[in-house]
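Reader: I'd like to learn how to read strands, sheets and salt bridges in a model like this one. Could we go through it together?

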Amino acid sequence: MKKKIAKRNFIVISIVLAICMLFCFVGFKIPTTNNRFKGFINSLPLGLDFDSGVTAIYNLEIKNDDGIEKATSSTISRIETILSKQFNEYKVERINNDQIRLTIPSQTIQNKFLVNYIQFDSSEELSDEPLVTGKDIKLVKYQLNGSTHCVYIEFNAEGKDKFTSLTTTVVSGSKTLYVFAGESQLTGVSLEEAITTGYAYFTANSKAAAEELVQQIKSGMLGYNMNIVGNVEQVEASLGENAKYFAIALFISLLIVISLISIIRYRQLGYIIILTILCYFVGTIMLISVFEFYQLTLSSLMGILFALIITVWLLYFNVSKCHSEYKSGKKLQAAFKSGYRKCLQVNLDIFAVLAIISTIFSIWGMGAIKSFSVMFLMFILTGAFTILLTNRGLIKMYLFINNTKVKQVGFSREGNKNETQENA
Amino acid sequence: MKRKKTLNISKLNNNISTKITNIIKLKQNFKYYAIIPICLMLIAGIFTLCFGFNNSFELSEKNYFEIELNTTYANDDFSEIKGEISNILEDYEITNYRLTILGENINNKILVEFVSERTSGENIVYESIKNDIKSLNSSFEISEDLGLSKTNITDYVVNLTIISFIIIAIVFIYSWIRFELINAIASVFVLLLNKIILISVIVILRLPIVLNFGYIIILSDMLSMIITYLFNDKIRTSLMIDSSKNKNNEMLLTETIISRFPKVLLLVEFIASVSIFLFVISLFAFTSFVYSILLIIIATLVATYTSTIISNGIWCLFYNRKKDKRLKYKIKRLEKKEKAIQDKLQKFEEEKIVT
């Protein structure tokens, strides 16, 4: 590659990066449509720390012989299991021994988040003494029968007889079996003949709908019902509405400080480091704005901050290794080549172990741990890509522009005699 | 000509590394370093028995009541009302509280949660607080009775414990494959001691245990692994060199620490600088965040201690080069490669002479 082409490439990369940064912050109305592009940063889903959510208090109605302690703790555990699949952070509090307060980063509290008593009925109206309930169910799971998404429900010995009796009633009457969760109807199934096998398949329109039905029936098997006290109310952001702007300002000031240190220490090479960091940060923001499986909370911000610190530190680590190679007598180009080759193993070790730890915590963690790990994982994976590919590519291009003027990259051979030489 | 004195961070870190290796004398003093976590654990145990844990606001049992405002307020007016309610609560010696705005427009409310240290007479105090708040605005409607709310963290703690053990197992396997058994055992000790020392320090300093404590443990573990792998990589590389055959474990370790500790210090300095900056800001803006930042600084220091002293100490004391079959195999392979290259070069020279 010639010097001119390398310079041109740098200019093109800088322009593209500037445009991407603009798209990160600036929103605008898309011409000829009614849609508005909010900017990548503004489209990141926010958690309870930075955005309003909803809260409600529920009374717990116990439909079996369990005590209030067991009922409340089982219900809270079940709700946390359901919520952790959808939200990174949420609050489930026990109120006055028999009530539960739910606070989630959403605009509504859907029934699928609640624990509602399951009952099977032959009429559209709830009966006070249902024949078949959640406690008669032995197993419920999602199944794919051919191309049909189904919910497989198997009843226990007692439940089997009850279900046979119920389906006989349905067949001779309305011919529709209704399933209720609390007071709302979950689904209605048409029946032509009575089911005596002790198990049944309920079809759903999609896999998501079937899995949602499975979760609601599993919740219903506990034997408790949550009845709302009052209304669902909006709750303000716990850190205040301006906290998100403060967080953006914090990251921008951090990037400015890193840029200044890079330029002062490594001069022209510092510009390459800045370009690398900006590509990393902007690229990751653009990538994660596509996904909706996370919410930005204070813990996630800490994850982003820590991933940024590790990535920047590894950048400096690699450059200082190249500097050591230069001090050992190699020319600039050879120093960069052997320096990066020697750093590769350390970089891979660090990224591998961090990715493993954060993946496990992202999948199985709860609350603040999950928030932190999800963001950290996304940023550390893009950090690995940035350091191993982007940074090396930019350095290679830079060496076409300058591979002899050592002072312009802040390298020197001073202090070579006093330091331990690193050999491989 | 006078030379300008400039702060050269890398030279400073190099000097610190050399001094540290002279001071710590890992092999002789390892038994004292290993006792430190045990002592911390014992002291923390005594503190826990005497004083219990110091739970933060989120984890404590809280009293709460709601104030229905029955009026639409602008954002600035909310701040004013919140300020007045705060003054009332502080008059009744309630300092650990939180005010949250619920609802919208005319349906808005203020949820007042507080941790009370009174052991009796709460209802009488509550009646007085109600009267004082009612006197601010007659349209306010306040809850009849005080409610009690608790956050359940049992599932959270169990979940964190199980996953931590899974991580320890995976890190052990990875370290064994990547380096050697002693390194793997040292990594396991580092991860366990991180948690023990962190919890002990928090209990001894009576810092409130926040809900975010989980990710601070992860942070500490990740940092320990980074530092441990930095040292392990350098040690493995040094062992492959011919001249290391005449050096004992302590000499190799000294060279490793002098070589790699400046990089570790740089990372610690990064984290510490950012944390101190955030700490100063949170003193003025988000006071609830102050303890989290302090915990991050403590976690960083603990991780540096365990990975530099404990991990390297275990390796220094227990590693036996003669029993390291994997190293012998790697050195043989390297020698074979070098011999093959030398043979090729010799052939090339001979062909050159012939032509």
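Reader: How many bridges join strand β6 of chain A to strand β10 of chain A, and in which sense do the two run?

Author: Some ground rules before that: this is a predicted model, where local features need pLDDT of at least 70, side-chain atom pairs count only at pLDDT 80 or more, and totals for chains, interfaces and linings use all residues. Residues are numbered from 1 along each chain as its sequence is written, chains are lettered from A and ligands numbered from 1 in the order in which they are written, and side-chain values use heavy atoms, with hydrogens and water left out.

Author: Helices (H or I, at least four residues) and strands (E, at least two) are DSSP runs, numbered from the N terminus, and two strands pair if DSSP finds at least two bridges between them. Here, β6 (residues 118-121) and β10 (residues 176-181) of chain A run antiparallel and are joined by four bridges. Look for Q119(A), which stands opposite F180(A) in β10(A).

Reader: Which helix touches β6, β7 and β10 of chain A?

Author: That's α3 (residues 157-172) of chain A, which packs on the sheet at about 125 degrees to the direction of β10(A). Contact means heavy atoms within 4.5 Å; axes are lines fitted to C-alpha atoms, for helices over the stretch in contact, and angles run from 0 to 180 degrees between N-to-C directions. α4(A) packs on this sheet too, touching β6 and β11 of chain A, and its direction makes about 115 degrees with that of β11(A).

Reader: What is the strand order in that sheet?

Author: It's an open, antiparallel sheet of four strands, β7-β6-β10-β11 in chain A. β7 (132-133) and β11 (184-190) are the edge strands, each pairing on one side only.

Reader: And which strands of chain A make up the three-strand sheet?

Author: Follow β8-β9-β12 in chain A, an open sheet with antiparallel pairing. β8 (137-145) and β12 (199-204) of chain A each have a single partner strand, so one side of each has no neighbour in the sheet. On average, neighbouring strands here are turned by 25 degrees against each other, direction ignored. Between β8(A) and β9 (residues 148-155) of chain A there are eight bridges, in the antiparallel sense; Y142(A) has V151(A) in β9(A) as its bridge partner. Helix α4 (residues 207-220) of chain A packs on this sheet, touching β8, β9 and β12, and its direction makes about 175 degrees with that of β8(A).

Reader: On to charges: how many salt bridges are there over all chains?

Author: Side chains of opposite charge can pair when their charged atoms come close. A salt bridge is a side-chain nitrogen of Lys or Arg within 4 Å of a carboxyl oxygen of Asp or Glu, and the count over all chains is 23. Take K62(B) and E93(A), whose side chains meet at 3.9 Å, N to O. This pair crosses between chains, from β1 (residues 62-68) of chain B to β4 (residues 91-95) of chain A.

Reader: Is K62(B) buried or exposed?

Author: Buried means under 20% relative accessible area, exposed over 50%, and partly exposed in between (1.4 Å probe, protein chains only). K62(B) counts as buried because its relative accessibility is 1%, and E93(A) is buried at 4%. Both belong to a salt-bridge network that links E93(A), R101(A), K62(B), R98(B) and E113(B).

Reader: What does K109(B) form a salt bridge with?

Author: Its partner is E233(A), with the closest N and O atoms 2.4 Å apart. The pair runs from β3 (residues 109-114) of chain B to β13 (residues 224-235) of chain A, crossing between chains. K109(B) and E233(A) are both buried.
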